[in-house]
Amino acid sequence: FIDVNYSGMNEYIGILLSASVPFDSIMEKEVTPERMAFGVEFPFLYSSIAIMIGGEYVQNLTDGNALRGGIFEFDFTKRLINNIAWYIGGGVGLRFDSKEKYYTSSYITNTGYFAWKADTGFILNLGNLFSKIEVSFDNVTGFSAGAGIGLGLRI
């Protein structure tokens, strides 16, 4: 990781509401809530260590699919400067697939009841306002871009 001087950095705890959209939906200009992920994350930005935990609901109900999942996320965060942090991590959870309609794709593997996600991105805070941007891959929607916004408290 990048060597960072943590002296003088503020400490925060926050809450973020986020959404992710698959890249192919963005490229085809067919963004729909039926194929998105919605999450709640809690970043803990301390002077020398930072983490982000949360949960995400993922669904893919387009083109005859009936995929849903719930994922518990854990991200390790590296503070770059006082107001910017980079994170990498992922999560595991459960998929709730309909037996009548099962999605098969070259990039979304058949994992039965197991849901997973890998992600990376940046957290930016300006005072008590928090935001994030990320890229991720999960086995319900595939490769996605996400963003979130929320509030934090300085501790």
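A closed barrel of eight strands, in the order S1-S2-S3-S4-S5-S6-S7-S8 and with antiparallel pairing, is found in this predicted model, where strands pair if DSSP finds at least two bridges between them. From one strand to the next, the twist averages 20 degrees, with axes taken as lines fitted to C-alpha atoms and angles running from 0 to 180 degrees between N-to-C directions. The model is predicted, with local features requiring pLDDT of at least 70 and side-chain atom pairs counting only at pLDDT 80 or more, while totals for chains, interfaces and linings use all residues. Residues are numbered from 1 along each chain as its sequence is written, and side-chain values use heavy atoms, with hydrogens and water left out.

Strand S7 (residues 129-138) pairs with strand S8 (residues 142-154) in the antiparallel sense over ten bridges. Within this region, serine 131 stands opposite isoleucine 149 in S8.

Of the 155 residues in the chain, 43% are buried, that is, under 20% relative accessible area with a 1.4 Å probe and protein chains only. Among contacts (heavy atoms within 4.5 Å) between residues at least 6 apart in sequence, 55% join residues at least 24 apart.

Methods:
Helix = DSSP H or I, 4+ residues; strand = E, 2+ residues; numbered from the N terminus. Buried < 20%, exposed > 50% of the residue type's maximum accessible area, 1.4 Å probe, protein only.
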